[in-house]
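Welcome, and please open your viewer with a selection panel at hand.

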Amino acid sequence: MIDKKDLLDDIEENPPEYWSSFSDMMSGLLMIFILFLTMTILQLNIQEDLLHDKEGLLQEKEDEVNRILGVRKMIVEELKKEFEDSNLQLNIDPESGSITFSEGVFFDYDKYEIKETGKEYLKSFIPKYIEVLLNDNNREYISEIIIEGHTDNNGSYMYNLELSQKRAFEVSKYILSNEFGQLTEEENIRLKSILTANGRSFSNPILDENGSIHKEKSRRVEFKFRLKDEEMIYQMQELLGDENVN
């Protein structure tokens, strides 16, 4: 008859193999768990670092947008101050700095030859305008000066496109001509590198209080300026939302 005590002693001295296999399996599972936990923590740290870097980049871009918008605001204020006591019939947009002249200042109706009175206007206006945009403080920010011709909606789009383009071109040509003679050689050279003339036909009319096209006001010439990296401003405003860009 087998003695129970001897059997237990024998098991303790020579444990079955499955106990060893079970222990090895548990050790393996523990190692897998530790490895999984380590990888999870590492991944979370990487994601946190990427998020931090992204937030830092967005903040840098937002600061740059605000800086450029501040430059535009500064230039607009300078333009307003320069022309506040002027007798010229012009309108300055307080946000964009776009300066508008009515059609009658430079051209007769349905014509594109600059009138003598229009030439005198340009001789009074352009030197002051260029002085603000291309002075030592501002010229590094200016990428383009744009002269735009606009018409009313009398006639076809293509007819008015050609008319508005010719008007913008005639103004540009006169400003850069020897006949104009109001710019220094340096200003003339610098202006040639950034001046653009565009015709807009009646694609951007001015409306009256009833929502109808105001024909007289729609017939106009506009002087605009574009800042360097301005496209980046529009992209960042869409990304950040206008309310976050002051």
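A patch here joins residues with over 30% relative accessible area and no salt bridge, linking like charges within 9 Å and nonpolar side chains (Val, Leu, Ile, Met, Phe, Trp, Tyr) within 5 Å. Areas come from the Shrake-Rupley method with a 1.4 Å probe, with only the protein chains shown as cover for residues; a salt bridge is a side-chain nitrogen of Lys or Arg within 4 Å of a carboxyl oxygen of Asp or Glu.

This is a predicted model, where local features need pLDDT of at least 70, side-chain atom pairs count only at pLDDT 80 or more, and totals for chains, interfaces and linings use all residues. Residues are numbered from 1 along each chain as its sequence is written, and side-chain values use heavy atoms, leaving out hydrogens and water.

First, select Leu-30, Met-31, Phe-33, Ile-34, Leu-37 and Ile-41: they make a nonpolar surface patch of about 590 Å². Leu-30 sits in helix α2 (residues 17–83); helices (H or I, at least four residues) and strands (E, at least two) are DSSP runs numbered from the N terminus.

Next, go to helix α6 (residues 185–194), where Asn-188, Leu-191 and Ile-194 are buried (under 20% relative accessible area; exposed is over 50%, partly exposed in between). Viewed down the α6 axis, the buried residues fall within an arc of 135°, so they line one face; the arc uses directions from the helix axis to the C-beta atoms. On the other side, Glu-185, Ile-189, Lys-192 and Ser-193 are exposed.

Finally, select Phe-101 and Phe-125, which are both buried.

Technical notes:
Buried < 20%, exposed > 50% of the residue type's maximum accessible area, 1.4 Å probe, protein only.
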